[in-house]
Amino acid sequence: MPHSTNKELVLGIMVGTTGISLLLLWYLKVCKPKTAMHLPKFLTLGNAFDSVTLQDEMQKDQGTAAIFQGRQFQILEKLNELLTNMEELREEIRILKETIPKLEECVRGELGGKATAHRISPQHRARKRRLTTVQSSGTSNSSEEAESEGGYITASTDTEEQSFPDPKALNIHIEELNLDALLQKADNLRMDESKKIESFELLCDHKEKFKDEIEFIWRLVRAYGDMYDLSTNSEEKKHYANIGRTLGERAVTKAPDNGCCHLWYAVLCGYVSEFEGLQNKINYGYCFKEHLDKAIELLPEEPLLYYLNGRYCYAVSQLSWIEKKMAATLFGTVPTSTIQEALQNFLKVEELQHDFSKANYLYLSKCYRDLKQIENARKFCALAKRLPCITREDKDAEEEVKKISLALMKK
């Protein structure tokens, strides 16, 4: 199985962290004042009322506590929504800053009669290709089917039409393949980062024919995860994540002993959680871990699984004691983990596949840094630097490696 996975790693590993941090804020701002306010009143109940009155008062307090807990959930949801909006705004500002310097050049090009080729996102090309396939095939497929298979179909400008790929790159004719040939071709295409969209389209073209084949279904789930990662639009990300998660749930139900089904269902649960409220984020976090553990049981030699598990263990190990207790109070038992457990998972990845990814070396460096083993931390930073940047995850890891390397030089 190819190991290049663009953020399939994040997947919900950090799902619970945001919610738990907000719980801590609620505890400091709400719980402590509430306790201080009611404690003196509670201590004087024995002198003021008989046992019956005391019982009534306690029932009222329980009712008040239930109402208060409901309000706490509302506050947490609002805070979570605010943080999400702030993150989106920050990203839009970053894009705007990158675009403004190029504005003058674009204006000059337009005034000079030059055709400016606007960048078309991967997901837009996918939508265009799917639409062309449906129109050219002469079948009775509806526009709704095209949308469900390839994403949203939106109006395009004349400029976008001009920058559309050559006709030979379009899926004008759907190649009829048997299942084995189809799966082999889709896997081969996906090994090339630039051809993941083509792999996705190939699977969508054969969706009706092989919709009941489990080996086809989990690959289609994986392909929706790829489209989520390649997309830059939040609505499209949500679209791909929801369809992929639904297919993934169907896959694990249909084939509970197939490790690949559990792996990619866990990944898509993580993606969907990014668009959910606080409590659902936590719930999807549990779902992610449950299916990840099942996948490891069924596929003990797959390095990607240990990388994802290492990320999960590392995130949990960073939570404070009070954060875990607060989360357990409202959401049940919170799993515990240590830096050592995370390290063992990342080392297992390297054992199974040397040079698995730049990100795996990054996290090995982080673990050794946290364990105060500075020489080992520097060693894995150096190993991370020598690997090429291919995916978006690689680029993100590269930036973090640079920061850690600078910090380690001072120690």
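Me: What are the axes and angles used for helices here?
Reply: Axes are lines fitted to C-alpha atoms, for helices over the stretch in contact, and angles run from 0 to 180 degrees between N-to-C directions. The model is predicted: local features need pLDDT of at least 70, side-chain atom pairs count only at pLDDT 80 or more, and totals for chains, interfaces and linings use all residues. Residues are numbered from 1 along each chain as its sequence is written, and side-chain values use heavy atoms, with hydrogens and water left out.

Me: Why is α9 called roughly parallel to α11?
Reply: The axes of α9 (residues 214–230) and α11 (residues 259–273) come within 9 Å and cross at roughly 30 degrees. Angles under 35 degrees count as roughly parallel, over 145 as roughly antiparallel, 65 to 115 as roughly perpendicular and the rest as oblique. Therefore α9 is roughly parallel to α11.

Me: What makes the pair of Tyr-307 and Phe-356 tilted?
Reply: A search of the whole structure finds 13 aromatic pairs. Tyr-307 and Phe-356 form one with 6.0 Å centre to centre and 45 degrees between the planes. Rings of Phe, Tyr and Trp (its six-membered ring) pair if their centres lie within 6.5 Å; planes under 30 degrees apart count as stacked, over 60 as edge-to-face and the rest as tilted, so this pair is tilted.

Me: Where in the chain do Tyr-307 and Phe-356 lie?
Reply: Tyr-307 is in helix α13 (residues 303–317), and Phe-356 is in the loop between α15 (339–352) and α16 (358–370), 49 residues apart. Tyr-307, Tyr-314, Phe-346, Phe-356 and Tyr-363 form one aromatic cluster.

Terms used: Helix = DSSP H or I, 4+ residues; strand = E, 2+ residues; numbered from the N terminus.
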